[in-house]
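Student: Please show me the sequence and the structure, and then let us go through some questions about them.

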Amino acid sequence: MHARILIVDDDPSIGEVLELFLRADGYDTRIAVDGSDALVVFDEYQPHLVLLDLNLPGMDGISVCRSIREFSGTPIIMLTARTDPQDIIHGLEAGADDYVEKPFNEQILSARIRACMRRPLPTASNSLLVGDIEIDLRGHTVTRDGQPISLTPLEFELLHTLASRPTEVFSREALLEQVWGYQYKADTRLVNVHVQRLRSKIERDVDDPKIVLTVRGVGYRAGETRSA
Amino acid sequence: MNFVTRIVRQAREAWVGSLRLRMVMVSGGLSLVAAAVIGGFLSFTIERNLFESRRNEIISETQSVSGSVQAQFDGAIDAQGFIDVESANSTAQTTIRATTNSPGLVGFAILRAPGQVTDQVMTSTSSIGFPMAVVSESLRTAIHDDRSNVHYQSVFVDSQSPGIVTGTNIDVPTSGRYDLVLIYNLADVQANLAFVQSALALGGLFLVVTTGVIVWIVTTRSIKPIMTTAATAERFADGHLEERIGVEGNDVSAKLAMSFNRMAESISGQINRLATLSTLQQQFVSDVSHELRTPLTTIKLAGSMLFKQRKTFDKDSARAAELLNRQIVTFEELLSELIELSRYDAGAAELELEPVAPATLAQGCIDQVADLAAAHGSTITLHAPGGHSMVDLDTRRVRRILQNFLSNAIDHGEGKPIEVWVDSTSAAVSFAVVDHGIGMTATESARVFDRFWRADPSRQRQSGGTGLGLAIALGYAKLHGGTIDVWAEPGNGACFRLTIPRDGATDPVSPLGLPPEVIADA
């Protein structure tokens, strides 16, 4: 069974060429040409990944992203022709996992798609503890005091990476490489925005984080593990 | 000496710098001359008149005294023809005292004229304290030569005050000729004159000051429109294009204000038109660049699919696919640089600062192009006497600048060694890339930052390049408040030096030199 990718772009030729290219890569694809169409198709098609153009007629890409995030953690990669850094930040804050700027080349897009759909690495243990948070690696769930916390796969992966080596400080570049699969590109905003999103879900007080700690000038590390 | 020089220089600056001061000084100087001439003339005339009238008064008094004394002596002869000269003398003295009423009589004397033999001799007499010394021989000779007139001489009495000595001949019966000498002190006249002179001087001074003040006021009033115009023009030049002068009345200053306002109106209109045009053009370039990205995405993906499958095409189609693919890369590069430039032009580019060690950053850039450089036969060496501590830089943009310098150096370095220098001071951090290749002429180096300008078109361009790289690099440098300096010599290579100020320093001295000077102490 092929992985399903939903392409949302109002330009039919981009949709078509992406479809040609992704099918050649072994994916199953569907195209949606505007925002509301995208939500309908998403519901029915249940894709494994969404390629989302930000600049859509009617409901724009950022709203679509936010709507999808309300009920699903499906990886979303933004396609953007805009270069205003603010747009990219808004998109990431709305829940997109990653972005590629038009005109992108197909190797980069393939790499981004593969990184987003990558299954988490098998681990020896079944669960990890960070602060008062328990990460169940098998069930892919995160709980605090038995209460489940809903994370997107990307957020789960980010937390998992930090928690797997609790004494180590991860630089933003290292996180980009391990979580997003980037080799050279160094857009550390990706990390900053997603750490903020993750904190807003798992920290009791976002202004005084205990789970994901900032190490000034270096990067991030997991908080002290408290035995329950 | 130094102090004097400074005073002189300040005075000269004030003189050159202030029209009003010059006007006041000139008019004050001229009125001072006028006051001196008029005052001098008046003083001289008054002095002469005062002295002449007093002298005439004294002479006529002497005449009348001598008449009385002569009559006294003549009347002292008794019927027998005898005369008691001594008693006549003392009577004469009484007469003199009684007949002189002019102020300032110091004393008098009846002196026997020398060189005569007579029947009897009357003793020469004088009043008490008579200053015999001021009576000169020449006066007495004059009296002797002309016996009918009163003679006089100006002298000083009490060694200070001006005075006058009068003398005339008296014939004493039986005793011969005697000189009647009177001495007058003219201190009162002198005092009057001094008073008049000081009044004149005071008046002159008042005149000079008044003239100066009047000229100051008049000049101030008449140059006020000029000053207003100058100040307004200054603000206008500083970019306040809305500055205008208030127009009052209908005189020449109003005309000046109106002309200035018309000129300002015309200039600001022109500038606004150009600015609007420029903004529109920038907007157009920006819009076009963005609009091109979407179709380019399709072209690129489709092109690369064709390129991947070129082995299945016939020879010509395969070549076409290769050409298409290569040009798409160039096109994309050009487009992204146009977008960068248009963002910079629109002022939309913002620095994203983060702490980084400049030497580390430079090493990273070198590592990225090391393979390309090696393919051209060049080695790249980093010299970093400084730049190892953290500096806040927009790493993406600085990296972009250095990559541009490096790819130029590799392109034009003719396979010779390339040096990268990094150094910093508390005021600035500097990067320089030096090659020893073909270099450039001065005309060429002056144009390297022009958009789409390329040196000699026959040159090989192996790393590609859009002709926008250095324009973008300069834009990025300016965004940091920095600059890029270029040195080049045909056949000797080129040096591009980026200098970025630290902590808001303005116009810092670059830590690195520019060839042919030594770049730094290695």
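Student: Which residue takes a positive phi just after α1(A)?

Tutor: This is a predicted model, in which local features need pLDDT of at least 70, side-chain atom pairs count only at pLDDT 80 or more, and totals for chains, interfaces and linings use all residues. Residues are numbered from 1 along each chain as its sequence is written, and chains are lettered from A and ligands numbered from 1 in the order in which they are written. Helices (H or I, at least four residues) and strands (E, at least two) are DSSP runs, numbered from the N terminus. Just after α1(A), a positive phi of about 95 degrees is taken by A:Gly26.

Student: What covers the buried residues of α1(A)?

Tutor: A residue is buried if 20 or more other C-beta atoms lie within 10 Å of its own, exposed if 12 or fewer, and partly exposed in between, with C-beta atoms placed from the backbone. In α1(A) the buried residues are A:Ile14, A:Gly15, A:Val17, A:Leu18 and A:Leu22. Their cover includes β1 (4-8), β2 (28-32) and β3 (49-53) of chain A, together with α6 of chain B.

Student: Which element gives the most to the side of chain B that touches chain A?

Tutor: Two residues are in contact if their C-beta atoms, placed from the backbone, lie within 7 Å. The contact takes 15 residues from chain A and 15 residues from chain B. On the side of chain B, the elements giving two or more residues are α6 (252-308) and α7 (315-345). With 11 residues, the most comes from α6(B).

Student: Where does α5(B) bend?

Tutor: Helix α5 of chain B (residues 187-237) has 51 residues and reaches 71 Å from its first C-alpha to its last, close to the 75 Å expected at 1.5 Å a residue. The bend at a residue is the angle between axes fitted to the seven residues ending there and the seven starting there. A proline, B:Pro225, follows within four residues of the bend of about 45 degrees, which is at B:Ile223.

Student: What do the buried residues of α5(B) pack against?

Tutor: The buried residues of this helix are B:Val189, B:Gly204, B:Val208 and B:Pro225. They pack against α2 (19-75) and α6 of chain B.

Student: Is A:Leu213 buried or partly exposed?

Tutor: A:Leu213 is found in strand β11 (residues 212-215) of chain A. Leaving aside neighbours within four places in sequence, A:Leu213 is in contact with A:Tyr220, A:Arg221 and A:Gly223. Because A:Leu213 has 15 C-beta neighbours inside 10 Å, this residue counts as partly exposed.

Conventions. Expected span 1.5 Å × (residues − 1).
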